[in-house]
Amino acid sequence: MTEICVSYCASEASTLTESGSFIVKASFLLIVWTTTMRQAAMEDGVSAMLSSVVGDVGQAVHRNVHGAQLLHELLSAPWLHALLKIYECLMQFQRLTPSPILPYASGLSHEIISTVQKIHRPSAEARELYSLLDSPHIQALLSSHDIVAQLDYGPVLPPLPDEMPDDEEAMRIVCLVKNNQPLGATIRRDEETGEIFIARVIHGGLADRSGLLHPGDLLVEVNGNPVVGLEPEQVIQILVKSRGTILFKVIPNAAQSSSSLKPVYMRAMVDYCPLQDSSIPCPDAGMAFSRGDLLEVVDQSDGQWWQAKKLPCTVSCAGLIPSASTLKSKQREQWWCQPLQVHTCIRPLTLPDEEDDGTLADDKHTVTDEADSDVTDGIYLAGFRQSFRLWRRTSYRRRRQSCTSCSPNSSALSTPYEEVCLYQRLPQENHRLIVLVGASGVGVNELRKRLIKLNPSIFQGPVPHTTRPIRPGEQTGREYHFVTKELFEYMVCNHRFVEYGEYRGHLYGTSTDAVDEVVKRGRMCIVDVEPRSILTLRTGKLKPYVIFIKAPSPERLRQTRRDARIITSYSVNRAFTEEDLLEMEDLSRLIEAKYKQFFDIVLVNDDLQDACIQLCSIIQEAQDEPQWIPVSWSRNQE
Ligand SMILES: Nc1ncnc2c1ncn2[C@@H]1O[C@H](COP(=O)(O)OP(=O)(O)OP(=O)(O)O)[C@@H](O)[C@H]1O
């Protein structure tokens, strides 16, 4: 069965059933009229008033007044005249119905009796009033009055018979007024019977808001044209050609479910564009999204196509998106079509690095493995040593060259959506792990260092591990955890490192234990990792909050980094070259494109001072304000 989007424009007006009784759903127009012309109706009748307005509007049509034609068609519609006749009957009925002045006269009588009783020296009239009201006859009379006054004597319409004969199906007539909004419904044709059905109603669209059209409703007529046997495209043509109002005759779907669906929140882990998807039932109703977008999925009743809105939401109407299983099968298809990629990123630990042999290092600027200043307020800033940073820098480059396809989103098995929920950290809970990622040289370490220096009793970095020999003045557990190569390799085998690598024959790494240690001490742990390591850190226990440090615009990058210095494996503290800046911009773009679904926020490192202030307030919000986290993190705390 093909499904097609009803893309003409309409709005709800009224509906009638043809089985004797009527349901009147007054349009906005009628509501306005009833309030403004109620008084006029008492005297002249609304029908007469409508005729005179139609005459006036007719003159406006002759004068080519903008919109007058549409209004004239609307006001001349037979259904509106019929509706107003019904309204007049109801008004007349209301006028003839006596209405009580007081619905509860007995209450007033009791109030008067108790007031008179309290008078110190009652007058003769007061005494007479008291005996009158207190007499059983008057009390019985008032009580009978109240019973009658409180009864509703409105006309009771007979209910629809439960079991209607087959030849007398309840037909719903839905009258809609064309405007510039899409109807928000799709139709499909049953290939066996040729019948046209409403396939789906888009949440928040006009059809949904009218409450008159539902999935499964059988479309019988459109503007008086029987549609059985027509192709969906032909039905659409009728709709496109119609002007003013559109009349649908539908047989409601008896099995309609009235259950209100609870929205589910998902983070998109893949990109999707409905215009490039030939399998979507209606591309016009589709909603594009990209990785990292937060989606409010309002309808999952169809296993293949869900309905969702993008948050923060600016439109009331939902869009069609592929369900998780539909996206997964698409991913699998794509994966099989990809050319085979040989991954070269897996290298033995002991393989010497071409950049690591030391012969390339500038003799004048030998790397000494010293940090600018290791100590602040008597507290050591761990993780800022040059060798450790250089290992990160070289491993970055190597991976980038050799393994551009090795990203989470290229995997056929990656989850297309991640269910999320709002999480508010309680004061007694551990702080969330703060993860900074960014292109090499963009300023991740600078920002991290400034943050820790600002308040070392709150912010702290994990102490890295290394196999390089301890030097005089160093302490294990302060600059590094100095361990043997065997122990390091044992930890690697046991997945105890967030990331690790080799630099000039020595191994360096950040262990999960070191991160835990900071968190357990009640501090806020700030780590700077390669983007691919985010995956290792994404656990319910650490609840990482990932901040992507982004390079500013090319002009601002050149302006702000004019006096900045970087360390490379060739030299320490040299100025940025044009090549460095181009590489940084390129890498920044690449990282964002590949990993943005894991970022909680993006911070542009333009002016250093401003970036630092922003970082502080971002971290405070991350810890104290409600944030979206994967549902699995709130369930398990492993
Ligand atoms: N916004 C900025 N304005 C000016 N200079 C900056 C800014 N941010 C960082 N810098 C400077 O740029 C240089 C490189 O920054 P940093 O050492 O933090 O890089 P990084 O991102 O940690 O890269 P790597 O991990 O390769 O060392 C430093 O000298 C730093 O002071």
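**Helix packing, nonpolar cores and cysteines**

Helices α6 and α7 are oblique to each other (angles under 35 degrees count as roughly parallel, over 145 as roughly antiparallel, 65 to 115 as roughly perpendicular and the rest as oblique). The model is predicted, so that local features need pLDDT of at least 70 and side-chain atom pairs count only at pLDDT 80 or more, while totals for chains, interfaces and linings use all residues. Residues are numbered from 1 along each chain as its sequence is written, and side-chain values use heavy atoms, with hydrogens and water left out.

The axes of α6 (residues 124–134) and α7 (residues 136–150) lie 5 Å apart, at an angle of about 60 degrees; axes are lines fitted to C-alpha atoms, for helices over the stretch in contact, and angles run from 0 to 180 degrees between N-to-C directions. L132, L133 and D134 of α6 form the contact with P136, I138 and Q139 of α7 (contact means heavy atoms within 4.5 Å). Four residues of this contact are nonpolar, one is polar and one is charged (Ala, Val, Leu, Ile, Met, Phe, Trp, Tyr, Cys and Pro count as nonpolar, Asp, Glu, Lys and Arg as charged, and the others, Gly among them, as polar).

Helices α3 (residues 68–76) and α4 (residues 78–96) cross at roughly 50 degrees, and their axes come within 5 Å. This pair is likewise oblique. From α3, L74, L75 and S76 meet P78, W79, L80 and H81 of α4. The residues of the α3–α4 contact comprise five nonpolar, two polar and no charged.

S106 belongs to helix α5 (residues 105–117). With a relative accessible area of 12%, S106 is buried (buried means under 20% relative accessible area, exposed over 50%, partly exposed in between, with a 1.4 Å probe and protein chains only). Residues up to four places away in sequence aside, S106 touches L142, S143 and D146. Between S106 and L141, which are 35 residues apart in sequence, the C-alpha to C-alpha distance is 9.0 Å.

In the protein chain as a whole, 19 helices and 27 strands are present (DSSP runs numbered from the N terminus, H or I of at least four residues for helices and E of at least two for strands). Of the 638 residues in the chain, 46% are buried. Among contacts with a separation of 6 or more, 70% join residues 24 or more positions apart.

The largest nonpolar core contains 50 residues, and I434, I547 and I619 have the most contacts inside it (such a core is a set of buried Ala, Val, Leu, Ile, Met, Phe, Trp, Tyr and Cys residues joined through side-chain atoms within 4.5 Å). Elements giving two or more residues to this core include β16 (434–438), α12 (444–454), β23 (545–550), α17 (578–595) and α18 (608–624). Helix α18 supplies the largest share, six residues. Beyond its neighbours within four places in sequence, I619 contacts I434, L451, F459, M524, I526 and I547. Another core, of 22 residues, lies apart from this one and has V270, Y272, F289 and A318 among its members.

The structure holds zero disulfides (a disulfide is a pair of cysteine sulfur atoms within 2.5 Å). For C616, the nearest cysteine sulfur belongs to C612 and is 6.0 Å away. C616 counts as partly exposed, at 25% relative accessibility. C317 also counts as partly exposed, at 31%.
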